[in-house]
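The sequence and structure are shown first.

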Amino acid sequence: MTTSSEEILLQVPHVRYKKGDGTLYLMDQRIAWMMENRDTVSISHHYSDIKTQKISPEGKAKVQLQVVLHNGVSSTFHFINRNGTQAQAADRDRVKELLQTLLPKFKRKVDRELEEKNRLLSSNPALLQLYKDLVMTEIVTSEEFWAQHASQYTKAQNTQPQEIGVSGAFLADIKPQTDGCNGLKYNITADIIESIFKTYPAVKKKYIEHVPSKMSEAQFWTKFFQSHYFHRDRKYAESKDLFTECGKIDDQEMKRDIQDGVKDPLVDITSFEDKSLDEGYGTEVEKLPGTFGTVSQAMIKRFNQHSIMVLKASKNKTDQTSDQNGLQESSTSAKVKDSRPEGDEHLNKKLRIQEKITYEDLEISNDKSDNSKIQLNLSKVERYLHGPMPGGNVEQFSPNEAAILTRAVLQETKQWQNSRQPSNILVNPAAAVGALGELSPGGALMRGFQEQSLAQLVPADIEKEVRHLYLSLCELLSHFWKCFPPTTPQLEQKIVKMHEAIQRFHAAKLKPFEDKLIRELSPLSHHLTKHLNQLLNASYQKFNNWQKIKNIR
Amino acid sequence: MAQNDTKSNHINNSARLQPANLECKNLHDYLKTRSPAVLERLYNHPTICLAVYRELPELARQYVIRILFVEQPVPQAVIASWGHQKYAKEHSHVCNVLSELSVWQEASIRGGLAGWLLSPTFKRNLKIALLGGGKPWTMSSALDPDNKARDVAFLDAYSAERWECVLHYMVGSQQQEGISADAVRILLHAGLMKRDEEDGSPVITRQGFQFLLLDRQAQVWHFILQYLDTVEQRGLDLVECLTFLFQLSFSTLGKDYSTEGMSAGLLIFLQHLREFGLVYQRKRKAGRFYPTRLALNITCLQDKGAIVLEEDTPKGYIIVETNYRIYAYTDSNLQVALIGLFTELLYRFPNVVVGVLTRDSVRQALKGGITADQIIGYLTQHAHTQMLTNETKSPLPLTVIDQIKLWELERNRLVYSEGVLYSQFLSQADFNVLKEYAQTSGYLIWCNKEKRTMVVSKAGHDDVKKFWKRYSKGN
Amino acid sequence: MNNTEEIIKDAIEDVSSTDDVSLLVIILDTNPGQRILRENPHTLTQIIDSVIAFANAHLLQKAQNKLVIMACHSRASQFIYPGLGKALDVRQIDGQYEAFTLVEKTVKLNLSKLLSESITVSNESLLAGAIAMALCYIHRIHKSKPPGCKINSRILVLTASGDSASQYMNYMNVFFTAQKQNVVIDVCAIDQHLSLLQQGCDITNGMYLKIPQLQGLLQYLLWVFLPEPPIRKKLVLPPPVKVDYRAACFCHRELIDIGYVCSVCLSIFCKFSPICTTCHTVFKIPGPLAVKSKKKKIKL
């Protein structure tokens, strides 16, 4: 069974397993035991299957080692070195130690997979529900579930995540905490360090120079945060330190950037003057020489530089990838840009400004040619004004008719002066009871009330359960229907499998639910699961048809 | 087993530190305390039926009107089905109210169903009020037109003056005259004022202050209720007076009514009402009287917030700012005195008083037994029209409302409840059993497992004691 | 013990939350040309008495409730309560509440005046106009109300006449105005089903009821229309039926499910015609396959 490619890390003779003596091998993938005088491995466990190892306590008669697998199976090895207990223990310890170093490596792999699945389940409640409904009830197996039903989730995991750029505020986000005695504590994470290196190559250079040869990492960062470089725009501390050089490098870099220019003509990085917005709108503030220059200029410069760095940091990444493609595109494009004539740039700028100040939807169409508009001539406008009913039951009365009508009504009004009719004529008790019956729920005028409130009658938990049923059933059915038309034997196989799963679902989930409904709220038991059953029956029918055709063939 | 309960000590809690507050009953509460016989007599009058109907909860009004024309009992289940299931709680409350007031009675229907049947008297008289029939009310005999008819403005001024007279008397402002010994007697009876221990002159009590902070309608209603309590001592008939009072409350403002055909007792009652400003009469023997705004809709206590649509209602005068300042545009000493109850007055001008709500000033008022709700209610009710213009929000700044409530809560950190102490249990099991029982029945106030001690509310004491006896016997 | 008290307190609070002023405008179709009045003029008395009793029941609910009654005719609509000018001087004649007597007297007096003055020309009543007047009235009340006062307004239309197609636009305008102003329109159809007004109820969240028999009119009114909109949600009332919002074609005035709409003027037709009869746009005569290009099927 052992293949030649496997490397044997340890070989221990005189190991007894289930009353047979043999040799224990520890290989790079698995642990194996071979009976004496045989050449087949009778016991073989992959390290990834092993959960733990156990050893017998000191001082016991038998020196043993047990490996317990994830599925609960365990194998016990008895060390029977003839040189006595000492040697037996030594043998055992060698195995134990090696296993100890080997197991974690494999375990992590398994754990990660499990962890990943766990994470997926917990972050997707719908998937979790599906898992509960399908796997835990053994309608489909776990492997099937992960392979088929959760594939889109797992796939989504595997796609390369988008490269995340550097936040412009990453430095500001490092919040110092006071440690209580006049000092500040900065908490920096690996991410932050990464960001700092990305944006400030000069710092990275320094870091490589100094750490860990000249100082520890912590010292380096302490120095960094203490340095004038970090606090550059604040006005104190003009001391020399390790980062002064960085400032110079940055300045040079900056100059180069300014020379290169920025493609966007709307951005002016050469200007370091503090300007309020209303300047240029007719107000001219006379410059106060020297007073506000230094601090704010330094600040603006710093901001600009920081922004440039941040932008570059993400750009570098893309450049790198394109470099990897073997194209020296960045340099060539730079050359092209340099060689671009001045006029072209001017045009570019114009275009860009044009783009910013025009709004498409505000433009008046310039097509003067189509000026002759067609006048809309409507006839029979009154038809718009008619209601959605077959009109025309209006009768006009002749004066004669009208007079008769009016006289009849007036006659009636005359009686009002005399006395009012007693209240029992107004509504006689019988009519009142009749109206009461009609208007009480269930009465003639209350029709439609029942159906409408059906939705309200369903308790929330039942509703949730129905939703879960739909979710699981639809998942199964979608896989079932996807197999049609079955062109390959695999698909055919899958149809059979899915059909079985659906049947299991029917028996294990839907039936008990229906029984429960009948017990708890009989009036609507069938309404709720009617559609589910329809779905099921459709799939059964399809399956039967398919089988019939197959049998005929 | 030792008898624990014999050793139980009564925690003496009779010295309740919470003073009795002004209890303001509405019509419902008042009628609930009358006997069914009195109610039956009262329901013989359409006016009272009308008043009672209006005071019913909304849902009850619908129920009553729906079965008003039905002569046979209606199954209870049918009536229950008229309301949505969601409001079942309200439905049962409403049924309770209707039974309490004997508006309807239980009646069985063929087939053993339980049904409700409107009280025949109530039904008949409500129908009369609504649709007509029956005898005219006592005060509506025909009258010749009054040659000195009084308009609404005059009546308002008159009633305000009369009523304020009473209020002024209570706060002891200068206007001492114009209030009769009778009114003083009622004030004393109601506990709004009490005799000073030294010179026997009446002084205002804490309830009196609370009374002052009520809105006018509530004041009148409370006062009249107190008056009605004394009515029988005066040899007047309660039902007759109540009927007349409600007739008055359903009369029209600015119209004159005749005293013709009124009994001697009623005439005396009318004179009393005249004194408080509920009716206007030029002369004692004028033969006609005018009801004033005070008498109208006398029972409408529930809807304090509702503002009547009429334009001529008295306007509010208080502006409250978010900085706790209060500007009161008034020159009335009474109103100034009332505001002074809970604010620190800063300035006084001919037409405006400026004050500020401070913690001290509000706490002073709270100590005097005035509640935060009363202060807020007073400020809201007299809020200046400018404060009311933004529709949705409350007229007062929310910060001020919250702060006043917080100041009140500051004082209520202790809650007193009467109870019985159970201690010296022999075993933890006994303790647990009894504790469990008391807890599930909702009597448990406090317990300590380690010391095996628990306090049971006084109401539950008997029950728990019985349970304990049963339990210990069983063991 | 405590618990039940709390429940009751809750309930009370719930009830008193609807303590706003309620303004009810009743529009009564008094056109003598209505079928039921022509057949038996006596029903007018029955209707008027029921309406007055209903109106008084509305006033009975709360002291601050407001009432307006309008009469709607074939040519004009008029307020009949409160009447123009000074209120009548009413003395009680029996045990009825004075304010109720006033309503009854005023309504009957004004109505008989109106009936004797106006001439009936057709059996179509100007209901849309009356609703518009009611909306104006409500608007005025809302404008003049004191600050901080809340008014729930609603309109109840009682009519025995049929739908009138010629007022379609007016109806729709008043319905949407009412919807915008939060005025609920209730409709009580006495004689025949009214599909247009039913739409109005649906639009404004009102109740629509076609009463099965005139006998118990008051009982139906009290049952269905007396509860104000805020408490309607607590009661089980006749459920809203599915309102028919189908459009009628311009050619035969028949309600259609699927029709042809002119892409230029939006006229609706039940059959395809190459020239739109409203705007005279010429459509290409559709070939067997090109049908779809020039006509649009719509589903209403």
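A polar contact is a pair of N or O atoms within 3.5 Å; within protein, one of the two must be able to donate a hydrogen and the other to accept it, and residues adjacent in sequence count only if both atoms are side-chain atoms. By this rule, six residue pairs are in polar contact between chain C and chain A, with both residues of each pair at pLDDT 80 or more. The model is predicted, and the predictor assigns the complex an ipTM of 0.82 and a pTM of 0.62.

**The interface of chain C and chain A**

The contact involves 64 residues of chain C and 49 residues of chain A. Between them the two chains bury about 5100 Å², with 62% of this area on carbon and sulfur atoms. Of the area that chain C buries against chain A, 11% is supplied by C:W223, C:F250 and C:R253, more than by any other three residues.

Several elements of chain C give two or more residues to the side that touches chain A: the helices α3 (42-61), α4 (98-117), α6 (168-180), α7 (195-204) and α8 (217-225), together with the strands β6 (208-210) and β7 (247-248). The largest share, eight residues, comes from α3(C). Divided by class, this side of chain C has 31 nonpolar, 23 polar and 10 charged residues.

**The interface of chain A and chain B**

Here 11 residues of chain A are in contact with 14 residues of chain B. The buried area is about 920 Å², and carbon and sulfur atoms give 73% of it. Zero salt bridges are found across this interface, and one residue pair is in polar contact, both residues being at pLDDT 80 or more. On the side of chain A that touches chain B, α15 (423-426) and α16 (429-439) of chain A each supply at least two residues. The largest share, four residues, belongs to α16(A). By class, this side of chain A has eight nonpolar residues, two polar and one charged.

| Interface | Buried area | Share on carbon and sulfur atoms |
|---|---|---|
| Chain C and chain A | about 5100 Å² | 62% |
| Chain A and chain B | about 920 Å² | 73% |

**Confidence in chain C**

Chain C has a mean pLDDT of 81, and 88% of its residues reach 70 or more. Within chain C, confidence is highest in strand β5 (residues 184-189), at a mean of 93, and lowest in helix α1 (residues 2-16), at 40. Over residues 1-18 of chain C the pLDDT is below 50, and this stretch has 17 contacts in the model beyond near neighbours in sequence. Residues 289-300 of chain C are also below 50, with 17 contacts beyond near neighbours in sequence. Where pLDDT is low, the predicted coordinates should not be read in detail.

**Burial in chain B**

Chain B contains 21 helices and 16 strands. Of its 475 residues, 52% count as buried. Among contacts in chain B between residues at least 6 apart in sequence, 67% join residues at least 24 apart. Helix α4 (residues 46-55) of chain B is mostly covered, with 10 of its 10 residues buried. The buried residues of α4(B) include B:P46, B:I48, B:L50 and B:V52, as well as B:R54 and B:E55.

How values were computed:
Residues are numbered from 1 along each chain as its sequence is written. Chains are lettered from A and ligands numbered from 1 in the order in which they are written. Side-chain values use heavy atoms; hydrogens and water are left out. pLDDT is the predictor's confidence in each residue, from 0 to 100. Contact means heavy atoms within 4.5 Å. Buried area is the accessible area (1.4 Å probe) that two parts lose on being put together, summed over both. Ala, Val, Leu, Ile, Met, Phe, Trp, Tyr, Cys and Pro count as nonpolar, Asp, Glu, Lys and Arg as charged, and the others, Gly among them, as polar. A salt bridge is a side-chain nitrogen of Lys or Arg within 4 Å of a carboxyl oxygen of Asp or Glu. Buried means under 20% relative accessible area, exposed over 50%, partly exposed in between (1.4 Å probe, protein chains only).
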